[in-house]
Structure formats: structure tokens, C-alpha cells
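Hi there,

Here is the structure I promised to pass on. Have a look at it first, and my notes follow below.

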Amino acid sequence: ELICKCTNTRIPHFNARIFLDNNEEIGRVDEIFGPINAYYFSVKMSEGMKAASFKKGKKFFIDNMKLLPLARFLPQPTISKKGKGKGKDGKGGGKGGKGKGKGKDKGKGKSFGKDKGKGKSSGRGGG
């Protein structure tokens, strides 16, 4: 394995490919470690590549699309959820409101139970 000190302000993805200046792939990011303001990463070498063949201070390169902003790894400020959540005006409405719910006269189609026993019935009764 090869250990590199990152000079970029952004953090590489795990398994991102690492290249030489001539675009030859030397390996992939294996682990990221160290303090957040001066971190290191280890490179798992590709087949046929040896870490000992590189001099100290050698520059390596990574695809810009495989880098994440540092802010993604820092604690985010909490945003107050005033007016949101459950309730009438907020998004994500809770129970109640429009739609079918539990309770009387909610769901079985026509007026259910109003005309009980009236009209023709197939059960017992005078006829």
C-alpha cells in the first residue's frame, strides 16, 4: 500500500482511482485517516504497481468527479422546523385532514347504515 497526504481541499471517494501525471492508473483509494484539516489516504496498488517505486513527494492525481466537499463531513447546523411537521399548515401533514381515515362514514361507498331495515330484505320478516 501507498500512503498519500492530500493537498486538495475536497475529500476523495472510497475506491476512487488514483493516476500518475501521464494518466496511468496506479491504484484506488482504500482508507482515509488523520485530522480533518490535514488528512491522509492509503492507496491499494493496481496489479504490477509497487509503492516502493515512487519517490517521496511524488504527485498523484484523482478524477474531480470523485471528490466530495469538506462541508459534507462537518456537523450541519440544526434548522428550526417552525411551522413544519404535523399540523394543518405544515408539510407532511399528520393524521386527519383530507382523505379517508378511521371513524364513522369513512369508506364503504354509499351511505352505510342510514336505511337499515327499510325496503326489501332477504332476511326474516313478514311477507
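Let me start with the largest pocket: its lining is made up of 21 residues, and those nearest its centre are Lys5, Thr7, Lys58, Lys59 and Phe60. Please keep in mind that this is a predicted model. The volume of the largest pocket comes to about 520 Å³.

Which strand gives the most to that lining? With four residues, the answer is β1. At least two lining residues each come from β1 (2–5) and β6 (61–62).

Now for the aromatic rings. Searching the whole structure turned up two aromatic pairs. In one of them, Phe33 and Tyr40 have ring centres 6.2 Å apart and planes at 15 degrees, which is under the 30 degrees cut-off, so this pair is stacked. Phe33 is partly exposed, at 34% relative accessibility, and Tyr40 is partly exposed too, with a relative accessible area of 32%.

The other pair is Phe54 with Phe60: their ring centres lie 5.2 Å apart and their planes meet at 90 degrees, so they count as edge-to-face. Phe54 is buried, because its relative accessibility is 17% and the limit for buried is under 20%.

Happy browsing, and best wishes

Terms used: Residues are numbered from 1 along each chain as its sequence is written. This is a predicted model: local features need pLDDT of at least 70, side-chain atom pairs count only at pLDDT 80 or more; totals for chains, interfaces and linings use all residues. Side-chain values use heavy atoms; hydrogens and water are left out. Rings of Phe, Tyr and Trp (its six-membered ring) pair if their centres lie within 6.5 Å; planes under 30 degrees apart count as stacked, over 60 as edge-to-face and the rest as tilted. Buried means under 20% relative accessible area, exposed over 50%, partly exposed in between (1.4 Å probe, protein chains only). On a 1 Å grid over the protein atoms alone, a cavity is a set of points where a 1.4 Å probe fits but cannot get out, and a pocket is an open set with protein on both sides within 12 Å along at least five of seven lines; lining residues have an atom within 4 Å of a point. Grid points are joined across faces, edges and corners, and a volume is the space filled by probe spheres set on the points.
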